[in-house]
Amino acid sequence: MVELTVASLDSVFHALSDATRRAILRDVSREAKTVGQIAEPYNMSLAAVSKHLQVLERADLIRREKKGNFRMVQLNADNLRAAQEWLAYYETFWTGQLDALQNYLETAETPGEDVRNGNSGTGTEKG
């Protein structure tokens, strides 16, 4: 597992908390793009896109590489993998909890049946 410091993990989750930044990551995961290409689908200035890229870069989720006159932006998936591994720990917890809930619901009382008292709920019980 790729180890991240708490501050590093915090910066990854902060970066992922914004829908635009998540969309940018999705875009650059397919192919490296220039800032102008990244900005195209958004109704925002290049400066605003650059601020999003700075957040992603601080979280080490993207890399910028100079190619000719352009700076290409590409995904750096290592920190994403580490964040996913951190979340996977809790996924096993929730899977266990959901399995227990499903088991409970499948064995719990059904309408018209009082499992606690062994009554069928037909109205013929004596009170």
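The exercises below concern a predicted model, and each is followed by a worked solution.

**Exercise 1. Determine whether the end-to-end distance of helix α4 agrees with its number of residues.**

Solution. 
1. Helix α4 covers residues 46-58, which is 13 residues.
2. The expected span is 1.5 Å times one less than the number of residues, and for helix α4 this gives 18 Å.

**Exercise 2. Describe how the buried and exposed residues of α4 are arranged around its axis.**

Solution. 
1. The residues of α4 that count as buried are V49, H52, L53, V55 and L56.
2. Viewed down the axis of α4, these buried residues fall within an arc of 155°, and therefore they line one face of the helix.
3. The face turned away from the buried side of α4 carries the exposed residues K51 and R58.

**Exercise 3. Classify the ring pair formed by W86 and Y90, and relate the pair to helix α5.**

Solution. 
1. In the whole structure, 3 aromatic pairs are found.
2. The ring centres of W86 and Y90 are 4.9 Å apart, and the ring planes stand at 50°. Planes under 30 degrees apart count as stacked and those over 60 as edge-to-face, so the W86 and Y90 pair is tilted.
3. W86 and Y90 are 4 residues apart in helix α5, which means that about one helical turn separates them. In general, residues three or four places apart point the same way, because an α-helix has 3.6 residues a turn.
4. Ring pairs join W86 and Y90 with F13 and Y89 in a cluster.

**Exercise 4. State which residues make the nonpolar surface patch, and classify the exposure of W86, L87 and Y90.**

Solution. 
1. The patch of about 1,100 Å² is made by W86, L87, Y89, Y90, F93, W94, L98, L101, Y104 and L105.
2. L87 lies in helix α5, which covers residues 78-107.
3. Relative accessible areas are 36% for W86 and 43% for L87, and Y90 has a relative accessibility of 37%.
4. Accordingly, W86 is partly exposed, L87 is partly exposed, and Y90 is partly exposed.

Terms used:
Residues are numbered from 1 along each chain as its sequence is written. This is a predicted model: local features need pLDDT of at least 70, side-chain atom pairs count only at pLDDT 80 or more; totals for chains, interfaces and linings use all residues. Side-chain values use heavy atoms; hydrogens and water are left out. Patches are made of residues with over 30% relative accessible area and no salt bridge: like charges are joined within 9 Å, nonpolar side chains (Val, Leu, Ile, Met, Phe, Trp, Tyr) within 5 Å. Accessible areas come from the Shrake-Rupley method with a 1.4 Å probe; for residues, only the protein chains shown count as cover. A salt bridge is a side-chain nitrogen of Lys or Arg within 4 Å of a carboxyl oxygen of Asp or Glu. Helices (H or I, at least four residues) and strands (E, at least two) are DSSP runs, numbered from the N terminus. Buried means under 20% relative accessible area, exposed over 50%, partly exposed in between (1.4 Å probe, protein chains only). Rings of Phe, Tyr and Trp (its six-membered ring) pair if their centres lie within 6.5 Å; planes under 30 degrees apart count as stacked, over 60 as edge-to-face and the rest as tilted. The arc is that of the directions from the helix axis to the C-beta atoms.
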